[in-house]
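Colleague: I'm new to this one. Can you walk me through it?

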Amino acid sequence: MRIADESGLKELKNSVLQERDSLRPCITICGGTGCHGYACEKVIAAVENEIERQNLKDKVSMRVTGCHGFCERGPIVVIYPEKVFYQRVAVDDVPEIISQTIINSKIIERLLYTDPNTGVKPVHEDDVPFYNRQKRIIFGNNGKIEPTNISDYIALDGYGALCKALFHMTPDQIIEEVNKSKLRGRGGAGFSTSKKWAITRASKKGMKFIICNCDEGDPGAYMDRSLMEGNPHLVLEGMIIGAYAIGAHEGYIYIRNEYPLAVRNVGIAIKQAEELGLLGKNILNSGFNFTITVHKAAGAFVCGEETALISSIEGKLDGPRPRPPFPAQKGLWGKPTNINNVETLANVPLIIERGADWYSKIGTEKSKGTKIFSLVGKVNNTGLVEVPMGMTLREVVFDIGGGIPKGKNFKAVQTGGPSGGCIPESLIDLPVDFERLTEVGSMMGSGGMIVMDENTCMVDVAKYFLGFLDDESCGKCVPCREGIEKMREILTNICKGEGEEGDIELLEEIALTVKETSLCGLGQTASNPVLTTIKYFRDEYEEHIRNKRCPAGVCLDLISYSIDAEKCNGCGACVRPCPTQAITGEKKKLHSLDQEKCIKCGACFETCKFDSIIIK
Amino acid sequence: MPPKKTEDKKIGATLVVGGGIGGMQAALDLAASGIKVYLLDSKPSIGGVMAQLDKTFPTNDCAMCTMAPRLVEVGRHKDIEVITLADVESIKGTAGNFTLKIHKRPRFVDEEKCTGCGLCVANCPVHNIIYVTPEKDKIDISDEHAKIMNSIIKEYEDVEGPLVPILQRTNETFNYLPEPVLRYTADKLNMPLSVVCRIATFYKTFSLEPRGKHIISVCLGTACHVKGAGRVTSALEGELGIKRGETTKDMLFTIETVRCIGCCGLAPVLKVGENVHGLMSKTMVPELLHTYEKA
Ligand SMILES: Cc1cc2nc3c(=O)[nH]c(=O)nc-3n(C[C@H](O)[C@H](O)[C@H](O)COP(=O)(O)O)c2cc1C
Ligand code: SF4
Ligand code: FES
C-alpha cells in the first residue's frame, strides 16, 4: 500500500494512533545487541508465553525495542504508560511482572535500579539518574519503537520532516536551514554538514551519490550501531532529505559486517519504506526518486575514511587517496558524492521538523545540538548517553555515569578512539565540544568515552592504541606505516622495563613527524594517544623508564604478586584458580606465593575477597 | 659510443647493467667521481626487486626509505642516463673501450609527455591488467565446489565491484576461503590471483585457514581492554591449548580477536558464533566452553 501524499501520511499516522490505546499497558523489552548479551530473547519469549497463558492479549501489548542506552543493566524492561523501569530482568521474573505490575499496578522492588551512591530506587525511567540528566532528542525514541515496525515510527511523527522537505521547501532552503542549525559532522572531524551538501549540490549535474557511513571502526563506540538497530527509519529519513537537498538519486549504506542485527533491521526498514512509497521511485508522488543499497563492509578500520570507503564500495582496495578532489567533487565512480555519518543524518529530520532556531539553542557557540557518547570502561553506569554539547566531563562521568566502581580514583578519560587522546583529572571540568577537545589534544571522534581509574596504566593505553593502529594502517604512506611501528616498538620496550633515557623525546619527535606528514586521517591523528599521555602523564613514563616500575600495576614485566601477611586469613580460595600451583599453604594459615612459578595471570587477585593479594 | 682509434686511451663513460639497488648505487658512485653513466634495465622502470620488499635484513630498515632517495637522485643526476626496457645484445672491445649493441623495446608511450598519472590503466578496456599470467593448470577445484562458486558468482553478476561480496558469501559458505576456490574465483572474474588475495588478506572477515565449528571472537576493543579482556583471552588460550588465531585439533573451536563488537557496555565481551556473552571473567571461561562443547 503506497502513501499518496502528505495527507495520506497524516491519515496513516492517525489510524495507527486510533488503533492503539495510549492507556493500555505496554511492555517494552530492549532487544538491542547489548541486551542480547544477557539473553533477552529468552525474556521476550517468556513475556509472549505469559501473555498467552494468562489470556491478556487484548489487555496488554508488547514491543521489542532497540537499545535504551543503559546496556550495563540489561535486560531492560520498561512498562508504559507509567514508564516503570525494571533492570536485570530474568525469565523467572516475568510472571510476576505481569501479574503484579501490569494487573495490580504493584511495583516489584527488587527489579528497580538502585543508585550506588545514594541508595535511592527510582521507579520511573525518567527519574533514573542515568537518564534524567541526558537530553535524548535523537536517541530517546529508541526505547519507544519497534525497529522492524514502520507504524511505530510513523506514530511518532516519523517521515513528517520528509514531507515538509519535499512539499514545503526547496533544496536550497533545506541546505540553508541545516546551515542555520550549524550542524557539524558526527563522524569525527566535525565538518559543517551544510557546507558539504552545498558543494555536492553545486557540483555539475548528472549522477550524484549520498553515502551513510556506518563503519564505526572506533573501538569502544557503538552509537551508530544502536541507532541503526533501534531506529533505522530515522537515519533513512535523514538520508532521503539529504539526497533531495543535494540532488542524489542513489544512496549507499556502508555498514560493518560485525553488526548483523543492524544489517537486518536496516534491510527490513528499507523494504517497508519502499512498500509505503517513502523510498524508491516517485516518493510520495513528489516526482523525486531515491533508492538505497546496503553495502556490507568486510572489517578494516581505515575503510571508515571517506576516500577509502568509496574505493571499497567500488570493489577496489586503493585505500585513502589525497584530497582534493574531495568526494563532494569526485567520489564514488568519479561522481560527486556526499558522505555522512549515521548520527549526523539522524539529526537532520529533527532540524527540518522543529527548525534550526530550536536546534541551535542546544549546545555551545560553535558546536550545536547533542552528541551521543558511549560511556564505557571503569565507570558505574556504562552505556550510551546523549548530552547537549558543552556539558562538562565531570557531569558525564560522575552524575550520569555514577562515578568509578569500587571507590577507586578517577584517572583519565579517553575520547575520540584511536585518534583521540587521554584527558586527565585536572581537566575534568572541561566542557565537551569539538573545539575544547581539540584544544587539549584529543578530539570528538565518533564519541567513545572510555573512563580509566587508578589501575589503568597510561603507557599501556598508549601502547594499546598504537597496536591497534599498527594493525589497521593500510601501509600506503611511509610515515604512518613505519612511524607507528617504531613508536609501538619503543612503547613495548618501555612496558617491558627496557626503556632508556631519551625515549620520551624520541617518541615526541616521531609522533610530530607522523602527524604532519601522513596521507589520511588515520596517520594524522595516530600520535594523539602518545602525545596526550606524554603531556599529562609524563611522570608515569619516567617511572617506567627510570625506576622500572608500573605504578598502576599493569605491565606484567614490571610487577610482582605477593600475599599480604596481615590480611591473608588462609581461606584457600586462591589456591585452586592458580594455573601453576604457585600458591600453597594450610587452611586457616598464612599462604605463600612462589615467585618462580607465578606467571602473573592475576587469577588470585581476582578471587581474593580480602584484598590480600598485593601487586607491586 | 663510437670506438676510439687509440686502443690504450681510456674513455670516461660506463654502462651499468641492471637498475636495482646495487646498480643504482654503482651508477651514483661512478657519477659522483665524474664519470658519465648509462644505467640499463630490462624492466619498464628501474628499482628492481627491492621496491617489492617491506623490510631488509638484518637491520629491519624500510626498503622504500632506503631506495626512494636513490631513485630520485638517479633520475635527477645530469651524468646518468637511464635506458629502460632494453637488453644488451652484444659487447665488443676491451676495458675502457667497449662497443655495445642494445636492443630497446618500444614503450608505445611518449616518455617526454607521460606524467605517470595512471589514468590509462584505469580506463583500459582489457580489464586494467598489466601483467597477468593465467595459471589455469593450478586450479584444482572439486566439481561440487565449482558448482557452489558458480551460483555465488552468478548472484553478483550485476553488481559493480563484486569481489568483496562474493568473498563474503564464500567465507560464510565454507567457513574460510580455500585456495582452489580463490584460484577459481580469480579465473572466473578474469582477475589476477594477486588482486583476489590482496582483498582476502586485507579484510579481517576473511580467513585463509579452515576454522572450527564454534568461532570465538574475543573483543580486544578499548573498553574491553581496560576491563581485562587480555586475561579472558589467555584463559581461553590456556583452556583450549591453542593461541589466538588457531583452531583446536578436533575442529570445534577457533579463537579470533576482534576490535569492538559494539557491546562495550558489557565489557569484556566475547562472541561465540553470533551469540554475545557479556561481563566475562576468567572464571566463567570453562563453563562457557563446556556448554558449546555439548551443543
Ligand atoms: C581512519 C579513519 C576512520 C574513520 N572511521 C569512521 C567511521 O567509522 N565512521 C564515520 O562515520 N566516520 C569515520 N571517519 C570519518 C569519515 O572519513 C568522514 O569524515 C565522515 O564519515 C564524514 O561524515 P560527517 O561529516 O557526517 O562526520 C573516519 C576517518 C578516518 C580518517
Ligand atoms: S596515513 Fe596510514 S592509513 Fe592513511 S594512507 Fe597513510 S598509511 Fe594508509
Ligand atoms: S570494546 Fe569490546 S565491545 Fe566495544
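This is a predicted model: local features need pLDDT of at least 70, side-chain atom pairs count only at pLDDT 80 or more; totals for chains, interfaces and linings use all residues.

Colleague: Let's start with ligand 1. How many residues surround ligand 1?

Modeller: There are 18 around ligand 1. The closest are Gly187(A), Lys196(A), Asn213(A), Asn341(A) and Thr344(A).

Colleague: What lies 2.7 Å from an oxygen atom of ligand 1?

Modeller: A backbone N or O atom of Gly187(A) does. A polar side-chain atom of Thr344(A) also lies 2.7 Å from a ligand 1 oxygen.

Colleague: And where is the side chain of Lys196(A)?

Modeller: One of its N or O atoms is 2.6 Å from an oxygen atom of ligand 1. Taken alone, ligand 1 exposes 610 Å², and the protein buries 89% of that.

Colleague: Which element gives the most to the shell?

Modeller: Strand S8(A), with three residues. S8 (337-341) and helix H21 (521-526) of chain A are the elements giving two or more.

Colleague: How do the shell residues divide?

Modeller: Three are nonpolar, nine polar and six charged.

Colleague: New topic. What domains is chain A divided into?

Modeller: Domain 1 (20-128), domain 2 (158-360), domain 3 (370-453), domain 4 (458-546) and domain 5 (560-616).

Colleague: What separates the centres of domains 1 and 3 of chain A?

Modeller: 29 Å, taken over C-alpha atoms. Their contact takes eight residues from domain 1 and six residues from domain 3.

Colleague: How much area do those two bury between them?

Modeller: About 520 Å², with 44% of it on carbon and sulfur atoms. On the domain 1 side, Gly69(A), Glu72(A) and Asn117(A) lose the most area to domain 3, together 56% of what that side buries.

Note on methods
Residues are numbered from 1 along each chain as its sequence is written. Chains are lettered from A and ligands numbered from 1 in the order in which they are written. Side-chain values use heavy atoms; hydrogens and water are left out. A residue is near a molecule or strand if one of its heavy atoms lies within 4 Å of it. A polar contact is a pair of N or O atoms within 3.5 Å; within protein, one must be able to donate a hydrogen and the other to accept it, and residues adjacent in sequence count only if both atoms are side-chain atoms. Accessible areas come from the Shrake-Rupley method with a 1.4 Å probe; for residues, only the protein chains shown count as cover. Helices (H or I, at least four residues) and strands (E, at least two) are DSSP runs, numbered from the N terminus. Ala, Val, Leu, Ile, Met, Phe, Trp, Tyr, Cys and Pro count as nonpolar, Asp, Glu, Lys and Arg as charged, and the others, Gly among them, as polar. Domain bounds come from an automatic or database domain assignment. Contact means heavy atoms within 4.5 Å. Buried area is the accessible area (1.4 Å probe) that two parts lose on being put together, summed over both.
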